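Let's take a friendly walk through this model together, one question at a time.

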Amino acid sequence: MTAIRRDIHRHPELMYEVHRTAGLVADKLREWGVDEVVTGIGQTGVVGVIKGKGAGSGKVIGLRADMDALPIHEQTNLEHRSTIPGKMHACGHDGHTAMLLGAAKYLAETRDFDGTAVLIFQPAEEGGAGAKAMIDDGLITRFGIQEVYGMHNKPGVPIGRFEIAKGPAMAAADRIHIKIEGLGGHAAAPHRVNDPIVASCALVSALQTVASRNVNPLDSIVVSVTALNAGEAFNVIPQTAEIKGSVRTLTPEAREIAQKRITEIVEGVMKAFGMKYELEYHLGYPVTFNHHGQTDFVAGLAKQVFGSDSITTDVPPTMGSEDFSYMLEERPGAFINIGNGESAGLHHPAYEFNDAAIPVGVSYWASLIETAMPQRAA
């Protein structure tokens with residue numbers, strides 16, 4: 001599995017263009033005797049189906065790994081470093097794929113469970129909503145998935161340890177894009193123009209009241225303006241300005257309030273300054289919500305397999321986002337973090353997935369299937 005992981009690392013692919021990786025995955029699943037291998041789900045997703053030895057009366061459980069890399073230039077001197085400039089596995093999806101492949105090989109050999117394991121290899125997690133694409137292509141209904149589980153590595157957490165949060169675990173991630181048009185002119189005659197920069201600055205300040213004055217202080221919400229572009233010359237007040245930003249929330253209620261108030265604030269400020277404007281409010285990944293029963297199950301599983309101190313369950317949610325959230329909207333399940341040891345952070349050019357985590361992840365996946373769907377005595 002380490003060799004497979006490093007091969008994938010050498011050949012990173014972005015978004016839905018994971019043709020080589022998906023082909024490797026499908027070939028391995030067929031080689032190892034997986035009952036059914038389906039490609040092209042959600043463009044380039046791969047699904048493997050393994051049936052247990054039992055009577056088939058057990059559940060149908062989905063396990064998901066993501067396959068795509070990031071548009072980052074790798075800054076390591078590893079022997080297996082990326083061979084493609086400007087692309088690298090800086091989030092560990094190569095490791096996620098290898099761990100689920102390892103579980104597939106083991107489960108296909110042993111089949112010591114009563115039910116069906118559906119192994120999901122997903123493209124385009126990094127901003128492309130590949131999970132939604134696979135769902136829209138019939139993933140859940142076609143394979144009859146009843147529960148679904150996901151995993152992500154976490155730098156700073158020791159190898160062999162896990163973290164999970166019950167309920168909201170990761171934030172919804174929405175985007176705002178505002179185009180503003182005023183009246184440009186000479187910088188020496190501001191009274192003859194309608195300055196979109198002044199209006200933009202007022203709007204940036206006003207948007208901060210969404211978090212500070214519109215929701216309960218105990219409800220996490222982030223409104224970050226990440227780009228403000230206007231003008232080029234020292235002596236010209238520009239005609240237009242452009243604002244981009246990110247909105248993060250942990251509950252559907254806070255998400256609805258944020259969209260409503262941002263829309264109202266943009267309208268009010270632009271009207272006050274006499275500006276024309278266009279607001280694009282893009283709803284992105286929803287809240288990653290870990291279902292209570294399934295979270296308790298995997299927490300207990302980790303303690304049983306790896307020791308009573310192997311998992312932390314009181315971790316606070318993060319404001320990052322994850323498109324596994326779409327699968328958790330469709331079926332009950334849980335998303336867990338697995339320790340990656342002391343490595344560079346996710347999305348950093350010096351990041352490296354820790355191969356020592358592979359057997360831990362394989363054991364977790366295999367134990368999940370065998371524990372959730374035990375064979376029944378004849």
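**Questions about the predicted chain**

Q: Among contacts in the chain between residues at least 6 apart in sequence, what share joins residues at least 24 apart?
A: This is a predicted model, so the figures here are computed from its atoms. Among contacts between residues at least 6 apart in sequence, the share joining residues at least 24 apart is 81%.

Q: Is Cys91 buried or exposed?
A: Buried means under 20% relative accessible area. Cys91 has 6% relative accessibility, so Cys91 counts as buried.

Q: How many disulfides does a search of the whole structure find?
A: A disulfide would need a pair of cysteine sulfur atoms within 2.5 Å. Searching the whole structure for disulfides gives a count of 0.

Q: Where is Met15 placed?
A: Most residues other than glycine have a negative phi. Met15 has a positive phi, near 50°, and at 32% relative accessibility Met15 counts as partly exposed. Its place is the loop between helix 1 (2-10) and helix 2 (19-31).

Q: Is Gln43 buried or exposed?
A: Gln43 sits in the loop between strand 1 (36-41) and strand 2 (45-51), and its phi is positive, near 75°. Exposed means over 50% relative accessible area. Gln43 has a relative accessible area of 54%, so Gln43 is exposed.

Key. Residues are numbered from 1 along each chain as its sequence is written. This is a predicted model: local features need pLDDT of at least 70, side-chain atom pairs count only at pLDDT 80 or more; totals for chains, interfaces and linings use all residues. Side-chain values use heavy atoms; hydrogens and water are left out. Buried means under 20% relative accessible area, exposed over 50%, partly exposed in between (1.4 Å probe, protein chains only). Helices (H or I, at least four residues) and strands (E, at least two) are DSSP runs, numbered from the N terminus. Contact means heavy atoms within 4.5 Å.
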